[in-house]
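Trainee: Could we go through the fold of this chain together, one step at a time?
Mentor: Gladly; please look at the structure first, and then ask.

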Amino acid sequence: MEIRKGIAVSPGMAIAPAIVLDSEQFRIPRRSIEPSEVAAELARFQQAVERAQAEVRDLRERVSADVGEKLGAIFDVQDALLTDAHVLSEIRELVEREHYAPEYAVSTILRNYAKKFLALPNRYMAERVSDVYDVEKRLLRNLIGAKRESIGTLTEPVIIIAHDLTPSQTASLDRSKILAFATDIGGRTSHTTIVARAMGIPAVVGLKTITADVSGGDSVIVDGNRGLVIMNPDEPTIARFREADLRFRRMELELGDLRDSPAVTLDGHETKLWGNIEFPHDVETCLARGASGVGLYRTEFLYLDREDDPTEEDHFQAYAEAISLLKGRPITIRTCDLGADKFTHLSGDYDERNPFLGCRSIRFSLQHIGLFKTQLRAILRASALGPTRIMFPLITNLKELRQAKMLLADVREDLEEEGLEFDPDIKVGIMIEVPSAAIMARNFARECDFFSIGTNDLTQYTLAVDRSNERVASYYTPGHPAVLRLIRTVCEAALDAGVEIAVCGEMAGEPTYVPVLLGLGVHVLSVSPATLLEIKKMIRSLSMDQAREVCDKVFQFDSDREVDAYLAEITRRLLPELFA
Ligand code: PEP
Ligand code: MG
């Protein structure tokens, strides 16, 4: 049994056999073969080895001719691995003695080597691990060829182990078969993990080497509450896991009783507790967990995984479905936040060095006016069906807001001319998710109806920490005094101007930050459906006086460690059951 600690990003626990996806996302199953098939399978393996050797030698020659002998020699390491009698005989033995398919044997043996290389103190040797992966991939490609299995064809429940998953891959996971996932890379607010939380799939990310540590078929526990992955657990550990899982489910059930209770503090102050969604049907989960509206609809998910642009009708149908499920409750439709880690077929045209600082979000929309107007038309038309608000993401200056509003005005005129219905009083707001917008909040407050603070990006841009990079995850916290001060600046500007203030980043879904946000006067908390009930419980466990007191104290600290430690202590006192 071995335990790895990563970043807990989506709550819940699961135990199941693992399937390991390599970076090309095909699965390496633990497949057995009949004794009578051994000879043929060994011949297939031999052929794959020979083809891989030929590929590597060919590459060596081409690289040497193009850029010099020294760089060409890089491939000698791979050639040596592919001709190493010991390595090859270990693989053959697994096929001969254990009757495993060569794919599984290759993967198991080479990943064992990768693990050993990684553990070496010698930096040069440790770096050879990428050669081992390369050889593994090369052999698998030659073995599997066109017969790749896809995770779409699963018949039994599994846990996915992958280097990384994209947001759209995560969104297309079959929840009935995929009980949890664990990845080498990723951070707490990367879009992949946001989707996992929304779908209720327990997940741990940032495990660095989990794809090397686990082999397909290994029994694995993923504990998304504590950020642990336990490989090949022993019996006492499995028993403890079952107990903890039961406790977690019981707590979920108890929280479920709060579904229809209002989100009010002990002294009767009501907060709007709304949900964040990626797909229209997520509204059902939000309502089942007691949300009274949607504060963030990430519409860019309409674009993911398709080869063309969604039409106005595609947009309209999605919005109409969400609005109809909401039955009169408000929805905040954010225009597309494309770019950065949310790729579309259009992203292929660009190769940006710093995509999070690049043509992302409203910038992308303003450079693709046709697409933008299509979406605005659909949102406006949908606004005739129920209370709808429009929100522009990643606004950094007033010019962008004015341009976006001008385009919206154009579209309104078009619809009027065409005699199509829409809400003439539709509210228009912006996300505050970059420091420039936070600092200029008073100016923005004059030109929009509401603000929604996107703390995921605000934290990343304030602290210069990539929100999806596990190597800098320890720097990433909205509890940093600089982030808190920016949030306070925005709240003060909004309250003075009478503009509604919401928080829709993951910070709003962390119980520890609720007292601070309420203390700052935030009107709306919009959170991932998974955390709605916990947040409601937190709101109902404190008074506004307590919230303001906590808030005052928090601004006296000068480091995120002090802030986070103090807030954890307060939460432990207010909600001891969350820490049980
Ligand atoms: C945010 O940045 O906090 C936010 C809610 O937007 P997203 O996570 O989609 O970037
Ligand atoms: Mg954002």
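**Sheet and helices**

Trainee: How many bridges join strand 7 to strand 8?
Mentor: Please keep in mind that this is a predicted model. Strand 7 covers residues 219-223 and strand 8 covers residues 228-231, and the two run antiparallel. Within this pair, Val222 stands opposite Val229 of strand 8. The number of bridges that join the two strands is four.

Trainee: Which strands are the edge strands of the open sheet?
Mentor: The open sheet has eight strands with mixed pairing, and their order is 1-8-7-3-4-5-6-2. An edge strand here pairs on one side only, and this holds for two strands, at residues 2-5 and at residues 7-10. The edge strands are therefore the two that end the order, namely strand 1 and strand 2.

Trainee: Which strands does helix 9 touch where it packs on the sheet?
Mentor: Helix 9 is formed by residues 191-199, and its direction makes about 50 degrees with that of strand 2. The strands it touches are strand 2, strand 5 (178-183) and strand 6 (203-205).

Trainee: Is helix 5 roughly parallel or antiparallel to helix 7?
Mentor: The axes of helix 5 (residues 102-118) and helix 7 (residues 129-144) come within 9 Å and cross at roughly 175 degrees. Because angles over 145 degrees count as roughly antiparallel, helix 5 is to helix 7 roughly antiparallel.

Trainee: How many nonpolar residues does the contact of helix 5 with helix 7 have?
Mentor: Helix 5 contributes residues including Val106, Leu110 and Phe117, while helix 7 contributes Val132, Leu139 and Leu143 among others. By class, one residue of the contact is polar and three are charged, whereas the number of nonpolar residues is 15.

Key. Residues are numbered from 1 along each chain as its sequence is written. Chains are lettered from A and ligands numbered from 1 in the order in which they are written. This is a predicted model: local features need pLDDT of at least 70, side-chain atom pairs count only at pLDDT 80 or more; totals for chains, interfaces and linings use all residues. Side-chain values use heavy atoms; hydrogens and water are left out. Contact means heavy atoms within 4.5 Å. Axes are lines fitted to C-alpha atoms, for helices over the stretch in contact, and angles run from 0 to 180 degrees between N-to-C directions. Angles under 35 degrees count as roughly parallel, over 145 as roughly antiparallel, 65 to 115 as roughly perpendicular and the rest as oblique. Ala, Val, Leu, Ile, Met, Phe, Trp, Tyr, Cys and Pro count as nonpolar, Asp, Glu, Lys and Arg as charged, and the others, Gly among them, as polar.
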